[in-house]
Amino acid sequence: MLAPSRRWRPVRPVRPLLAALLAAGVMPLEQPARSQVTVAYPSPETLREVQLAALACARDNTSDTCSKARKLADPLMDHPRLPGGCKDTLWSIIQKSTPASSNTLARRDAIGDPAGRLLLVCRSSDKPVTGKTDTEKPQKEPSFFDRFFGRGGGDKN
């Protein structure tokens, strides 16, 4: 038996509000241009302070000096511009800067080695800003032939 045939009906138009919501979900709204905020690279003085605190922890083996080293190194772990090698060195300082019952040479070296590498590993790759322009070419010293015979066929006196 055949089903009764249905008469074709056009689909009802979607309500305008629903259509707008669907379109907004499919196509993201244009976002305003965000200003690129650059975070300043940690200063060499900041890194030197961490280094000195870690070396003091290795030398003195007290909870005050070791907690200071960890407190100074910890915020730098979240810094967006520091490279991974620098963060590995900071992590090593944080992990090993704990007071021990005896201040052995191995303990001092475990803290002192990463502290000694800190300034080398964490230095900025940005070029320093100088007052000189790079467009000036240095003049090369004339060769013996140029000084004795000259160039261009004329007298250069």
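Residues 24 or more positions apart account for 67% of the contacts with a separation of 6 or more in this protein. The model is predicted. Its secondary structure comes to six helices and zero strands. Along the sequence, the pattern reads α-α-α-α-α-α. Of the 157 residues, 21% count as buried.

**How α2 and α5 pack**

- Two packed helices are described by the angle between their axes and the distance between the axes.
- Helix α2 covers residues 44–60, and helix α5 covers residues 105–121.
- Their axes come within 9 Å and cross at roughly 170 degrees.
- Angles over 145 degrees count as roughly antiparallel, and α2 and α5 are therefore roughly antiparallel to each other.
- On the α2 side, the contact is made by P44, L47, R48, V50, Q51, A54, L55, C57 and A58.
- On the α5 side, the contact is made by R107, R108, I111, G112, A115, G116, L118 and L119.
- By type, the residues of this contact divide into 11 nonpolar, three polar and three charged.

**A closer look at G116**

- G116 lies in helix α5 and takes part in the contact with α2.
- Is G116 buried, exposed or partly exposed? At 41% relative accessibility, G116 counts as partly exposed.
- G116 and A54 are 62 residues apart in sequence. In space, their C-alpha atoms are 9.3 Å apart.
- A54 belongs to the α2 side of the contact.

- Helix α3 runs over residues 63–73.
- Its buried residues are T65, C66, A69 and A73.
- These four cover an arc of only 100 degrees around the axis, which puts them on the same side of α3.
- What covers the buried residues of α3? The cover includes α2, α4 (84–96) and α5.
- The face turned away from the buried side carries the exposed residues D64 and K71.

- R70 has its place in helix α3.
- With a relative accessible area of 28%, R70 is partly exposed.
- R70 is in contact with I94, S97 and T98, leaving aside neighbours within four places in sequence.
- R70 and I94 are 24 residues apart along the chain. Their C-alpha atoms are separated by 4.9 Å.

**The salt bridge**

- How many salt bridges does the structure hold? The structure holds one salt bridge.
- The side chains of R59 and D60 meet in a salt bridge, at 3.3 Å from N to O.
- R59 is exposed, with a relative accessible area of 56%.
- D60 counts as partly exposed, at 36% relative accessibility.

**N61, between two helices**

- Where does N61 lie? N61 lies in the loop between α2 and α3.
- N61 has a positive phi of about 60 degrees, although N61 is not a glycine.
- Buried means under 20% relative accessible area, so N61 counts as buried at 14% relative accessibility.

**Points to keep**

- The secondary structure is six helices, with zero strands.
- Helices α2 and α5 are roughly antiparallel, and their axes come within 9 Å.
- Helix α3 has T65, C66, A69 and A73 as its buried residues, while D64 and K71 are exposed on the face turned away from them.
- R59 and D60 form a salt bridge, and N61 counts as buried.

Methods
Residues numbered from 1 in each chain as written. Predicted model: local features only at pLDDT ≥ 70, side-chain atom pairs only at ≥ 80, totals over all residues. Heavy atoms only, no water. Axes fitted to C-alpha atoms, helices over the stretch in contact; angles between N-to-C directions. Parallel < 35°, antiparallel > 145°, perpendicular 65-115°, else oblique. Contact = heavy atoms within 4.5 Å. Nonpolar A, V, L, I, M, F, W, Y, C, P; charged D, E, K, R; others polar. Buried < 20%, exposed > 50% of the residue type's maximum accessible area, 1.4 Å probe, protein only. Arc of directions from axis to C-beta. Salt bridge = Lys/Arg side-chain N within 4 Å of Asp/Glu carboxyl O.
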